Amino acid sequence: MTMLKHLWLAVIAALIAAPAMAQETPGLDDKINQAFADFTGPFVSFIFAPFPGTSFPWIVGWLVVAATVFTLYFAFVQLRFFGHAISLVKGDYSDPNDAGEVSHFQALATALSGTVGLGNIAGVAVAVGIGGPGATFWMIVAGLLGMASKFTECTLGVKYRNEYEDGTVSGGPMYYMSKGFDELGLPGGKILAVLFSIFCILGALGGGNMFQANQAHAQIAGITGDYPGWITGVVFAIIVFLVIVGGLKSIARVTEKVVPFMGVLYVAAALVIIIMNADQIGWAFGQIFAGAFTGLGVAGGMVGALIQGFRRAAFSNEAGVGSAAIAHSAVRTKEPITEGFVSLLEPFIDTVVICTMTALVIIITQQLIVDPETGNYMLNEAGNAIATVDGNSGVSLTSAAFGSAFSWFPYVLAIAVVLFAFSTMISWSYYGLKAWTYLFGEGHAKELVFKVIFCIFVVIGAAANLGPVIDFSDAAIFAMAVVNVFALYFLMKVVREELASYASRLKSGEIRKFEH
Amino acid sequence: MTTKIVIGLDGTETGERAIVFAKDLAGRIGTCELLVVYVIEWSPFTFQTPEENALRHKRREEEIELATNRIVTPAVEALTADGYTVQGIVRHGDVAETLNAITVENGGSQIIVGRASADGFKKRLFGSSTQNLVMHADVPVTVVN
């Protein structure tokens with residue numbers, strides 16, 4: 001008995017000490033990092049490899065080309081149906097007899113809470129900090145084009161989802177790959193679906209989990225002072241566990257309500273700062289346009305601005321990645337294409353509105369240092385980014401820009417980052433779960449295994465400084481896009497038929513508004 | 001043309017009083033049809049997690065079944081047994097708006113509801129469903145105390 005007690009104490013002591021030891025002995029951490037980097041390195045390098053002779057990552061080109069193809073193929077659907085999309089979200093076309101089902105607004109809000117986050121705050125600061133104000137222009141262009149990618153994938157997500165007898169639904173790229181390819185008599189749909197699911201699970205554990213936990217810890221530590229990351233990790237893991245395993249809806253509900261509020265507060269604060277500097281708006285847009293085509297002295301010139309803008313827009317709005325198609329599949333609509341219309345608002349809100357606000361605030365508060373003689377931006381000492389007032393970059397650049405107008409804003413921003421990270425985790429736990437159940441089948445025990453793994457990765461993500469793991473998880477999210485976009489090229493004609501049919505019925509008055 | 005009277009139930013005893021009043025009124029009018037309605041409070045503009053969305057259809061069916069079995073069907077059966085022509089409807093939505101919409105759709109000539117008991121804060125902020133109904137309905141509304 002005493003032996004057992006001793007053993008227990010030893011185990012508990014080891015568990016408590018393990019994370020601390022991992023931090024105190026960098027040798028072990030380094031070894032793990034190195035082994036992981038060696039193992040995943042080729043995959044990461046492949047995904048982020050530049051086109052030969054340039055610094056332009058091919059994966060960014062892949063997403064932008066896809067967005068352009070879909071924009072042309074659907075004849076600028078994002079402009080033609082923008083107003084209609086807003087009508088749908090307002091519920092103008094919702095049948096009162098369907099009240100109580102997931103509304104278009106709810107599907108949009110859920111998908112947005114999965115994408116709005118660090119990309120809008122930190123990613124934009126990186127884009128503008130390296131690519132200059134001109135990056136904003138290319139970011140907006142990429143956001144506008146990305147609307148067509150979202151439209152395509154979300155329409156297919158609803159069209160080919162699975163509906164089960166108990167009334168629940170499962171949908172997403174894996175379902176349109178297998179069912180859509182079968183319907184068109186194309187081979188290989190199942191293989192694509194399995195590949196996508198594997199990347200989706202890795203992306204969910206990495207970019208949708210570890211990266212978020214890591215950044216949330218960095219924000220909290222930035223305010224409270226440094227402390228071991230595993231503490232944040234364990235707290236986060238317990239909360240995530242309570243929500244996704246314990247079914248504790250109250251926490252999720254609070255987050256889902258606070259996150260949109262934070263988003264609105266963020267945009268409102270940005271607008272106030274922009275209005276306070278109203279005389280500079282013309283100048284700021286001048287910088288954005290001039291920078292877009294000349295670079296205004298940034299590293300890589302115009303191309304440098306373009307790469308940064310495109311890259312950060314793609315990182316932020318996830319158009320073409322396939323994640324939104326999973327989120328939108330829950331809507332029970334008679335017309336799958338209506339969900340496509342609604343989803344095209346996401347890149348608009350995420351990139352064209354929120355990202356642009358961040359960029360404008362950074363530019364207008366003059367965080368970037370201009371050489372008074374040439375009017376060009378000055379580079380930092382390393383020569384790889386624009387020199388900033390306090391040498392800030394990433395989240396701290398955004399924080400400093402907002403803080404220059406409202407001294408208390410950095411605290412609000414830190415809370416916002418933590419909440420955004422949490423809501424992104426909840427969303428990705430679901431995306432990962434759907435990929436998991438696609439591979440291993442639905443069932444309580446199987447789902448529990450994934451959920452527990454997910455929670456363990458929260459702790460790992462917050463505790464360790466695993467650079468290669470985070471690189472790998474980002475790469476996994478973009479690998480989803482490789483498989484997804486490939487499938488979309490084959491399935492886009494299905495969407496075109498749906499679009500033609502819907503457009504003609506809308507015109508003839510067969511599809512009409514309901515009186516509410 | 002028969003007169004259609006809509007009775008809005010809320011699952012409490014005030015609904016019972018509304019039924020008693022409607023029966024009395026129907027007896028006075030003569031040929032009369034009764035429409036028993038229960039509205040499940042719901043808004044399309046709330047925020048939900050992906051998992052809640054995926055389960056939503058199932059939950060909706062459960063909510064409708066529960067409301068039908070516990071509230072509407074017993075009322076319809078009791079009224080039918082008393083010799084009235086009755087129809088029952090359960091729908092999701094904003095209580096006041098939906099009750100009015102159902103009345104207009106079915107050509108109802110008036111609505112009878114019990115005095116609702118909304119909780120303090122919400123009532124102060126938005127007014128109770130009954131207040132909203134009285135102010136915005138397209139037909140006369142009788143509120144039974």
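This note comments on the predicted model of chains A and B, point by point.

1. Basis of the model. Because the model is predicted, local features need pLDDT of at least 70 and side-chain atom pairs count only at pLDDT 80 or more, while totals for chains, interfaces and linings use all residues. Residues are numbered from 1 along each chain as its sequence is written, and chains are lettered from A and ligands numbered from 1 in the order in which they are written.

2. Interface. In this model, 23 residues of chain B are in contact with 27 residues of chain A (contact: C-beta atoms, placed from the backbone, within 7 Å). On the chain B side, helix 2 (50–81) and strand 3 (85–93) are the elements that give two or more residues; helices (H or I, at least four residues) and strands (E, at least two) are DSSP runs, numbered from the N terminus. Helix 2 of chain B gives the most, with 11 residues. The chain B side divides into 9 nonpolar, 7 polar and 7 charged residues (nonpolar: Ala, Val, Leu, Ile, Met, Phe, Trp, Tyr, Cys and Pro; charged: Asp, Glu, Lys and Arg; polar: the others, Gly among them).

3. A helix pair in chain A. The axes of helix 6 (residues 104–115) and helix 16 (residues 336–343) of chain A come within 10 Å and cross at roughly 50°. Where do they meet? A:His104, A:Ala107, A:Leu108 and A:Ala111 of helix 6 meet A:Thr338, A:Glu339, A:Val342 and A:Ser343 of helix 16. This contact comprises 4 nonpolar, 3 polar and 1 charged residues.

4. A:Phe151. This residue lies in helix 8 (residues 134–159) of chain A. A:Phe151 is buried, with 30 other C-beta atoms within 10 Å (buried: 20 or more such atoms within 10 Å). Beyond residues up to four places away in sequence, A:Phe151 touches A:Phe74, A:Val77, A:Gln78, A:Gly340, A:Phe341, A:Ser343 and A:Leu344.

5. Nonpolar cores. The largest nonpolar core has 173 residues, and A:Trp138, A:Phe196, A:Val417 and A:Met480 have the most contacts inside it (nonpolar core: buried Ala, Val, Leu, Ile, Met, Phe, Trp, Tyr and Cys residues joined through C-beta atoms within 7 Å). Helix 19 (residues 409–440) of chain A supplies the largest share of this core, 18 residues. Apart from this core lies another, of 30 residues, among them B:Ile7, B:Ala18, B:Val39 and B:Val113.

Technical notes. Two residues are in contact if their C-beta atoms, placed from the backbone, lie within 7 Å. Axes are lines fitted to C-alpha atoms, for helices over the stretch in contact, and angles run from 0 to 180 degrees between N-to-C directions. A residue is buried if 20 or more other C-beta atoms lie within 10 Å of its own, exposed if 12 or fewer, and partly exposed in between; C-beta atoms are placed from the backbone.
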